Amino acid sequence: MIYSTTPTSNFSAVSNSPALSGQLPQQIFTRREVIPHQNDVLWRIEYGAVRTLTWSEDGTFITLGYWGLGDLIGYPLSRVKPYQIECLTGVELSIVPPHLWHQDINALLSHIQQAEDLLSIVHQKPISLRLWQFLVWLSEKFGRDVDKGKLIDLNVTHQDIAEVLNTTRVTITRILQQLEEEGTVLRHKRRIILRLPSGKLIKNYGSAVSN
């Protein structure tokens, strides 16, 4: 089975929504800043990337989603407590008031679909396959084609990945090193490039990596 390199999010539907095509109030946030808690506001991402997360009683972070250009985010979309929206980069957001929510059903459906995609990845076994599928997912959402493969244009640390995939930073580092040694993962500064000889990102490729 092959993952398409076309982003799964319905960005064109979001951008062309009649409810959101006009001028909406905007705010800018910096990397690692937390979006203020507001129960009556959704935000549309115009630039940058964020993650949604919660944490357990012992303080362990649990990442719930990664969101980028065109996505709708906001505290009304979750019943998880605690719940936080953290900026992974500098972010520009448009404020979408409640009376416009019903006019942008495609973006809301996209939010649900992406959350389910990530949930299915988190339950894959072994962890090597889980990691590979997550990298492919990131490359579809935040990636761009470069000479050597597909660049994930987002600075995510090994700890960030571990928090998504419910494993340890040490495990992520070890598997990434294995992928680098065989040439399927390359490093470009702090970014990751996915590379396969065929030029195609195969969903179950990571299962070949020893766990």
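## How helices pack

Angles under 35 degrees count as roughly parallel, over 145 as roughly antiparallel, 65 to 115 as roughly perpendicular and the rest as oblique. Axes are lines fitted to C-alpha atoms, for helices over the stretch in contact, and angles run from 0 to 180 degrees between N-to-C directions. The model is predicted: local features need pLDDT of at least 70 and side-chain atom pairs pLDDT 80 or more, while totals for chains, interfaces and linings use all residues. Residues are numbered from 1 along each chain as its sequence is written, and side-chain values use heavy atoms, leaving out hydrogens and water.

## The chain overall

The protein chain has 5 helices and 11 strands. These are DSSP runs numbered from the N terminus, with helices (H or I) of at least four residues and strands (E) of at least two. Of the 211 residues in the chain, 46% are buried (under 20% relative accessible area; exposed is over 50%, partly exposed in between, with a 1.4 Å probe and protein chains only).

## Helices 4 and 5

The axes of helix 4 and helix 5 come within 8 Å and cross at roughly 110 degrees. Helix 4 and helix 5 are therefore roughly perpendicular to each other. Helix 4 brings His158, Gln159, Ile161, Ala162 and Leu165 to the contact, and helix 5 brings Arg169, Ile172, Thr173 and Leu176 (contact means heavy atoms within 4.5 Å).

## Helices 2 and 3

Helix 2 (residues 105-122) packs against helix 3 (residues 127-142) at about 155 degrees, with the axes 9 Å apart. That makes helix 2 roughly antiparallel to helix 3. In this pairing, Gln114, Asp117, Leu118, Ile121 and Val122 of helix 2 meet Arg130, Gln133, Phe134, Trp137 and Lys141 of helix 3.

How many residues of helix 3 are buried? The count is 16 of the 16, so helix 3 is largely enclosed by the rest of the structure.

## Two cores

A nonpolar core is a set of buried Ala, Val, Leu, Ile, Met, Phe, Trp, Tyr and Cys residues joined through side-chain atoms within 4.5 Å. The largest one has 29 residues, and Tyr66, Phe134 and Leu135 have the most contacts inside it. Helix 3 gives the largest share of this core, 9 residues. Not counting residues up to four places away in sequence, Phe134 touches Tyr66, Leu118, Ile121, Ile161, Val164 and Leu165. Another core, of 15 residues, lies apart from the largest one and includes Ile45, Tyr75, Val91 and Leu93.
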